[in-house]
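Reader: Hi! Could you walk me through some ring packing and burial in this one?
Author: Happy to, let's open it up.

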Amino acid sequence: MRRMWSAVTERADYLRRAARGAGAERDEVLLGAKTVVAAMAAWVLARHLLPPSVSTFAPFTALVALQATVYRSVRVCVQYVLAMAAGATLAASLAASAGVHGWTFGFLTLVALCIGRIRRFGQQGTQVAVVGFFAFSSGQGQIAYIGHLVASVGIGALCGLAAHLVLAPARHTHRRQQAVTGLYTTMAQRLDDLADTLEAGDPDRDHLRQWRRDWHGLSAECERIRHAIDTEIENGRMNPRRTVGGAGEALPRAREAVTVAERGMDHLRSMTRTVDYALDSGELGNLPATFRTRFSAVLRAVATALEEIGQASPTDADRLDAQIDGAAADLERVQRRERTSPGASPAVHAVQGTLLTDAGRLLVDLRSGWQSVAGTS
């Protein structure tokens, strides 16, 4: 009972979020509503115009035709219609040439499964066999039945696609850009926190380890954001809604920015791990105060560059170049001082060297990465 109540509460919250504002929840609710209306309209039309033996194909085709985006709907619908035509043609040919028998049904199944593997049919390849079964068994391969079947499928496809034309899927270009901005803001905040940890006299070990766990969550978030951007790029194709200004450049730029973030995250994760190990071994406290202060300044400069790359508006090339150049120059000065500092133990040198190497690689990836982002603007 408690589990059922929890499921009901969760569904109610889902519907409230859908009613509150634009987002994935509202998109799914609207898609479900359009699917119900399209399937109902297709069934009513087919029931009045066609024999009952084929009327079910109309609402089924409407379900197939209504996908998350207009482009995907058209693609899947075309694949289904082609699979239907192949299955019906195969059934009619076999029934006319060899008759309706057990062995011909087996041969029909074998050939239909082979045809269904053709890549152009996509996920609708199994419909070659399904439609072939109906046309062969219920329709006995007769042309009249197949004609009614084609008409039923046509009604379903038109009802499904018409629902998209009446109420096309919403565009979410700005939301995808904001997701990328939020990702970079989080990375910059973590980098600032890491700088604070290096400068702190008594770092919070539990907090640092929580960051290490959070990096895995951010990596998963990158994949989720990339998938959402890809879906939105697809949503722009054939969509009758007016294209948001600059969406053609903004979405590829956002996708490239996610790739840059993933590469940078590898180095940030490595730096966090190094600081954690140094804290456990006691070497973090042995790092020279001057190194901590100067290296923390480098990290904060990199954090500023991250925020510049992640902003929704096009990156200011000159400003970002100056930020990366400044961070690189600061890093070079820290490296020179580290090489010439006397008296440090090998363990301390190892910690410093690892941090400097990761910071240097991060800057290199940011410099090359933002140029790729700018190239898609």
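Reader: How many aromatic pairs does the structure hold?
Author: This is a predicted model, and it holds five aromatic pairs. One of them joins phenylalanine 105 and phenylalanine 136, with ring centres 6.0 Å apart.

Reader: Nice. Why does that pair count as tilted?
Author: The planes of phenylalanine 105 and phenylalanine 136 are at 50°, so the pair is tilted; the range for that runs between stacked, under 30 degrees, and edge-to-face, over 60.

Reader: And where do phenylalanine 105 and phenylalanine 136 sit in the chain?
Author: Phenylalanine 105 is in helix H6 (residues 102-116) and phenylalanine 136 in helix H7 (residues 126-137), so the pair links distant parts of the chain, 31 residues apart. Ring pairs also bring in Phe133, giving a cluster of Phe105, Phe133 and Phe136.

Reader: Is phenylalanine 136 buried or exposed?
Author: Buried, at 2% relative accessibility. Phenylalanine 105 is partly exposed, at 30%.

Reader: What about phenylalanine 291 and phenylalanine 295, how are their rings arranged?
Author: They are stacked, 5.5 Å centre to centre with 5° between the planes. Both belong to helix H12 (residues 289-310), four residues apart, or about one turn of the helix. Phenylalanine 291 is buried at 6% relative accessible area, and phenylalanine 295 is buried at 0%.

Reader: Switching topic: what lies over the face of tyrosine 71?
Author: Arginine 237 does, at 5.0 Å from the ring centre.

Reader: Last one: which residues does glutamine 177 contact, leaving aside neighbours within four places in sequence?
Author: Glutamine 177 contacts Ala250 and Ala312. Glutamine 177 is in helix H9 (residues 173-199) and counts as buried, at 15% relative accessibility.

Note on methods:
Residues are numbered from 1 along each chain as its sequence is written. This is a predicted model: local features need pLDDT of at least 70, side-chain atom pairs count only at pLDDT 80 or more; totals for chains, interfaces and linings use all residues. Side-chain values use heavy atoms; hydrogens and water are left out. Helices (H or I, at least four residues) and strands (E, at least two) are DSSP runs, numbered from the N terminus. Buried means under 20% relative accessible area, exposed over 50%, partly exposed in between (1.4 Å probe, protein chains only). Contact means heavy atoms within 4.5 Å. Rings of Phe, Tyr and Trp (its six-membered ring) pair if their centres lie within 6.5 Å; planes under 30 degrees apart count as stacked, over 60 as edge-to-face and the rest as tilted. A charge sits over a ring if NZ of Lys or CZ of Arg is within 6 Å of the ring centre and within 35 degrees of the ring normal.
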